[in-house]
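Please read it alongside the sequence and the coordinates.

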Amino acid sequence: SMAEGPGGGPRLAELLAVGRRLWEELEAGTEPSSGAPAVQEKVRQGLDALRRAAAMVEQLELFSENEELEEIASADLKYLLLPALLGSLTLKQVDLSRRLEHLESARAHFEHFLRLCQSYRLGSFQLPRSNSPGEEAAGGPAPGGAMDAQRALLTMASHRQAKIERYKQKKELENRLASMRTFVESGQADEEHIREFYILQIRKWINTSLEEIETIDQEIVILRSRGTAKQPSAPSHGTTRQARAPLKPFILTRDAAQAKVFGAGYPGLPTMTVDDWYEKRRRQGSLPGQSAPQRASDSTDDELQKQQEEKKEEDDNEEALQKARSWDDWKDTHQRGYGNRQNMG
């Protein structure tokens with residue numbers, strides 16, 4: 001049903017195929033660095049092909065909010081994936097001075113894809129809330145108190161459960177897709193199988209999109225709170241991983257209130273909020289876009305360690321004192337030899 005594109009250019013099917021092939025090559029990534037010119041050239045070409053394809057889909061009005069899934073021709077189902085692929089490729093750009101813009105654009109693509117899927121009733125899921133600045137501020141009463149901590153823990157637990165569920169589903173989908181792929185691509189599959197294959201792909205991308213939006217939102221919050229978006233810095237051409245200072249174990253919490261809750265159970269481990277962590281990594285120079293670690297961080301590391309050791313010493317002394325006290329109390333209420341029942345004849 002696809003004629004040549006406007007002006008006799010490549011057809012829609014070809015543009016999608018080119019975009020997908022480039023996306024797959026980038027995913028398989030043999031290049032050591034995402035900033036390598038060859039990699040970024042592929043990203044640029046992929047985005048170009050997919051944008052042109054998306055414009056054609058728009059022109060042809062292939063999809064509409066008020067139509068049923070059955071009304072889409074099997075061969076056209078694959079074009080539903082365009083916004084998801086666009087979102088994924090948008091994230092692969094490395095220009096740090098435009099990072100926030102890329103994150104927001106990718107998020108819009110993923111959301112567009114999820115809305116389409118929702119209107120065709122492909123999979124049941126909740127659309128993530130949009131995170132406009134200032135929304136956090138308006139989000140109900142200020143955190144604090146044991147109830148909030150309890151609620152936060154419960155939310156995290158159910159969140160974790162959902163994540164595990166989603167991961168299992170994703171693995172299952174990937175296995176089914178892998179086994180069907182050669183069959184479909186060899187041209188032997190009938191329409192019913194082709195349709196199932198595309199719908200499975202769409203379901204897989206629903207999972208991916210939900211995960212990506214979650215990650216994007218976390219990064220946007222950090223970027224906004226840091227104002228990093230205002231300080232353009234040259235993209236690093238593949239910082240070697242060895243250069244990074246090894247991380248000491250710690251518990252990462254979202255904010256100070258959470259830090260209080262989590263800190264209590266693990267006296268040996270320092271607790272850090274996301275902001276502290278971000279700041280520390282920035283000082284060490286091991287964030288994306290920082291070319292080399294600045295060794296100035298040694299002193300702060302030593303400082304941290306010293307504080308930890310002092311705290312541990314205090315805790316140990318406190319513990320010894322407690323033990324001594326409770327032993328004294330015990331001796332006051334039990335006569336000598338109490339509990340010794342041996343040699344009673």
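## Burial and the basis of the model

A residue is called buried when its relative accessible area is under 20%, exposed when that area is over 50%, and partly exposed in between. The model is predicted. Phe197, with a relative accessible area of 5%, is therefore buried, and Tyr198 is buried as well, with a relative accessible area of 14%. Pro10, which lies in the segment before helix 1 (12-28), has a relative accessible area of 28% and is therefore partly exposed. Although Pro10 and Ala49 are separated by 39 residues in sequence, their C-alpha atoms are 9.6 Å apart in space.

## The nonpolar core

The largest nonpolar core comprises 60 residues, and those with the most contacts inside it are Phe63, Leu80, Phe113, Leu122, Ile202 and Ile206. At least two residues of this core come from each of helix 1, helix 2 (37-60), helix 3 (82-91), helix 4 (99-119), helix 5 (145-185), helix 6 (191-226) and helix 8 (274-284). Helix 6 supplies the largest share, 13 residues.

The surroundings of Leu122 illustrate this packing: leaving aside residues up to four places away in sequence, Leu122 touches Leu69, Leu80, Cys117, Ile199, Ile202, Arg203 and Ile206.

## Aromatic pairs

How many aromatic pairs are counted? The count comes to three. In one of them, the ring centres of Trp23 and Trp205 are 5.1 Å apart and the planes stand at 55°, so the pair is tilted. Because Trp23 belongs to helix 1 and Trp205 to helix 6, this pair ties together parts that are 182 residues apart in sequence. Trp23 counts as buried at 11% relative accessibility, and Trp205 is likewise buried, with a relative accessible area of 4%.

The rings of Phe197 and Tyr198 form a pair with centres 5.9 Å apart and planes at 45°, so this pair, too, is tilted.

## A buried lysine

Lys78 is found in the loop between helix 2 and helix 3. Is Lys78 buried or exposed, and which side chain of opposite charge is nearest? Lys78 is buried yet has no salt bridge, and the nearest side chain of opposite charge, that of Asp76, is 6.1 Å away. A polar atom of the Lys78 side chain does, however, lie 2.9 Å from the backbone oxygen of Ala75.

Methods: Residues are numbered from 1 along each chain as its sequence is written. This is a predicted model: local features need pLDDT of at least 70, side-chain atom pairs count only at pLDDT 80 or more; totals for chains, interfaces and linings use all residues. Side-chain values use heavy atoms; hydrogens and water are left out. Helices (H or I, at least four residues) and strands (E, at least two) are DSSP runs, numbered from the N terminus. Buried means under 20% relative accessible area, exposed over 50%, partly exposed in between (1.4 Å probe, protein chains only). A nonpolar core is a set of buried Ala, Val, Leu, Ile, Met, Phe, Trp, Tyr and Cys residues joined through side-chain atoms within 4.5 Å. Contact means heavy atoms within 4.5 Å. Lys and Arg count as positive and Asp and Glu as negative; His and the chain ends are not counted. A salt bridge is a side-chain nitrogen of Lys or Arg within 4 Å of a carboxyl oxygen of Asp or Glu. A polar contact is a pair of N or O atoms within 3.5 Å; within protein, one must be able to donate a hydrogen and the other to accept it, and residues adjacent in sequence count only if both atoms are side-chain atoms. Rings of Phe, Tyr and Trp (its six-membered ring) pair if their centres lie within 6.5 Å; planes under 30 degrees apart count as stacked, over 60 as edge-to-face and the rest as tilted.
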